[in-house]
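Me: Hi! I've got a structure open and would like to talk it through with you. Could you take a look with me?

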Amino acid sequence: MKKDSLFALSVFWFAWEVHWGALLGAAIQGQVARFAPADFIGTSTAILTGSGAAFSILAQYGAGRLSDKIGRRMPFIILGTLLDIVALFGFALSPSFLVVVLAFAGVQISLNVACGPYQALMPDRVEKAARGRASAYLGLFRLAGSAVGLLLGKVFVHQPGPHVTSAIFTSGLLHLAALVSIILFVTLVITVLGVSDKQPSRELERAAIAPWPERASLGWLIASRAAVSMGLYLILPYFAFYLRFAQHVPDYLSKSLTLLLVMTGCALIGTVPAGILGDRVPKKSIIYGALALLALGAASLCFITTPTKLLPLAIVLGIGWGAYYSVDWALACMLLPAGRAGALMAIWNIGASAPQVAVQLLGGPLVDKAGAITHDLGFGYRLLFGLVAVFVTLGAAGLAFVREPRAGLERRTG
């Protein structure tokens, strides 16, 4: 694939991550802090982040599978993106927590209609031997998008308090929704104009009858990713409240965004070397190293008692996050049969989406219940990061059963 086409293929991920970086990194915390009492914040966060996730899984798989059948990806990407823009403004204008929940469910469902078919474009358009490098390129866009999203959240999402009126808070969210919508639309146009999405019918016919020896390995990779995602979904929605209640940081929302930006910057540094190296050495080896860093960093958050130690931990978590982000995607692409990427990449992504539902049923009530029992609201958040380390370790254990195809190492001696 030519570099200009690779740019068009990857750039929509930038907008995707701007979107989720701004919402998951700042906007949902702002809405929860605005409407929920302190002793119900964990459960409120769980309700908000988990409510629409189950429907988003169905939307992603349904759109991905249908795009396989008709041999087209772009109609779903366009429709889902436009519906998401509408839902973003509904989220910004929500007058109550119930409306916030409904609007955020609409955001999750609509953008996942676009995501299922979109994430199939890479295995559609990039040969196996080049997917490690292409995945690193894609990872740069994703992590850069996360950084921009966090920056936008830092600028436009106000920490609720006595000096922040409802009008000021809503105005900030409206400006955020407008900028995210512009980025989504511009990158959508670039992708639609720069990437051909129609698959040859003969490829689909061959895929229907061809054997698929990597089926079991993809299943184990999905299980591994689900375990890791169970951990990662306990970090982003709750990190600001960890700073508020466990570390007693007054400007917890701003501090959270700053540390998340440090993580993202360190992740960017590690993405390209990990992706390029993944074309030459087993990708599993890189993933094991990344998961070790993630588990170490998360476990350390349980025990530190001063915010000054958060910066080095953010660096450790960021490096691990970037390496995992880059190479895990490439390994999944290596295991796919031709012509079925839409449905199968949607199933693979369930390894990230399904835990968003399951872990919120555990994490949110856990922090509230632990805080009530110990009379220390910070204890539950420390316990939460211990669970992150456990889930990441389980993900590494599941990875042991994945057999990595050698086709992805063709560049090893080149």
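Reply: Happy to. One term before we start: a contact means heavy atoms within 4.5 Å. Also keep in mind that this is a predicted model.

Me: Good to know. What share of the contacts with a separation of 6 or more comes from residues 24 or more positions apart?

Reply: Those residues account for 86% of such contacts in the protein.

Me: And how many helices and strands are there?

Reply: The protein has 16 helices and zero strands. Of its 414 residues, 59% are buried.

Me: OK, salt bridges. How many are there?

Reply: The count comes to three salt bridges.

Me: Let's go through them. What does Arg 142 pair with?

Reply: Its partner is Glu 17, at 2.9 Å from N to O. Arg 142 sits in helix 7 (residues 131-156) and Glu 17 in helix 1 (residues 3-35), so this pair ties together parts that are 125 residues apart in sequence.

Me: Are Arg 142 and Glu 17 buried or exposed?

Reply: Both Arg 142 and Glu 17 are buried.

Me: Next one, please. Which residue does Asp 68 bridge to?

Reply: Asp 68 forms a salt bridge with Arg 73, and their closest N and O atoms are 2.7 Å apart. Asp 68 has a relative accessible area of 10%, so it is buried. Arg 73 counts as buried too, because its relative accessibility is 0%.

Me: And what about Asp 328, which side chain does it meet in a salt bridge?

Reply: That would be Arg 225, with 3.2 Å from N to O. Asp 328 belongs to helix 14 (residues 310-334) and Arg 225 to helix 10 (residues 215-232), so the pair ties together parts that are 103 residues apart in sequence. With a relative accessible area of 3%, Asp 328 is buried.

Me: Staying with Arg 225, why does it count as buried?

Reply: The cut-off for buried is under 20% relative accessible area. Arg 225 counts as buried because its relative accessibility is 10%.

Me: What is Arg 225 in contact with, leaving aside neighbours within four places in sequence?

Reply: Besides Asp 328, Arg 225 is in contact with Tyr 324, Trp 348, Asn 349, Gly 351 and Ala 352.

Me: Switching to rings. How many aromatic pairs does the structure hold?

Reply: It holds 13 aromatic pairs. Take Trp 13 and Trp 16: their ring centres are 5.5 Å apart and their planes are at 85°, so the pair is edge-to-face.

Me: Where do Trp 13 and Trp 16 lie?

Reply: Both are in helix 1, three residues apart, which is about one turn of the helix. Trp 13 is buried, and so is Trp 16.

Me: Which residues form the aromatic cluster?

Reply: One cluster is formed by Phe 12, Trp 13, Trp 16, Trp 20, Phe 91, Phe 104 and Tyr 118.

Me: Helix packing now. How do the axes of helix 2 and helix 3 cross?

Reply: The axes of helix 2 (residues 41-51) and helix 3 (residues 53-70) come within 6 Å and cross at roughly 15°. An angle under 35 degrees counts as roughly parallel, and helix 2 and helix 3 are therefore roughly parallel to each other.

Me: Which residues make that contact?

Reply: Helix 2 contributes Thr 49, Gly 50 and Ser 51, and helix 3 contributes Ala 53, Ala 54 and Phe 55. The residues of this contact divide into three nonpolar, three polar and no charged.

Notes. Residues are numbered from 1 along each chain as its sequence is written. This is a predicted model: local features need pLDDT of at least 70, side-chain atom pairs count only at pLDDT 80 or more; totals for chains, interfaces and linings use all residues. Side-chain values use heavy atoms; hydrogens and water are left out. Axes are lines fitted to C-alpha atoms, for helices over the stretch in contact, and angles run from 0 to 180 degrees between N-to-C directions. Helices (H or I, at least four residues) and strands (E, at least two) are DSSP runs, numbered from the N terminus. Angles under 35 degrees count as roughly parallel, over 145 as roughly antiparallel, 65 to 115 as roughly perpendicular and the rest as oblique. Ala, Val, Leu, Ile, Met, Phe, Trp, Tyr, Cys and Pro count as nonpolar, Asp, Glu, Lys and Arg as charged, and the others, Gly among them, as polar. A salt bridge is a side-chain nitrogen of Lys or Arg within 4 Å of a carboxyl oxygen of Asp or Glu. Buried means under 20% relative accessible area, exposed over 50%, partly exposed in between (1.4 Å probe, protein chains only). Rings of Phe, Tyr and Trp (its six-membered ring) pair if their centres lie within 6.5 Å; planes under 30 degrees apart count as stacked, over 60 as edge-to-face and the rest as tilted.
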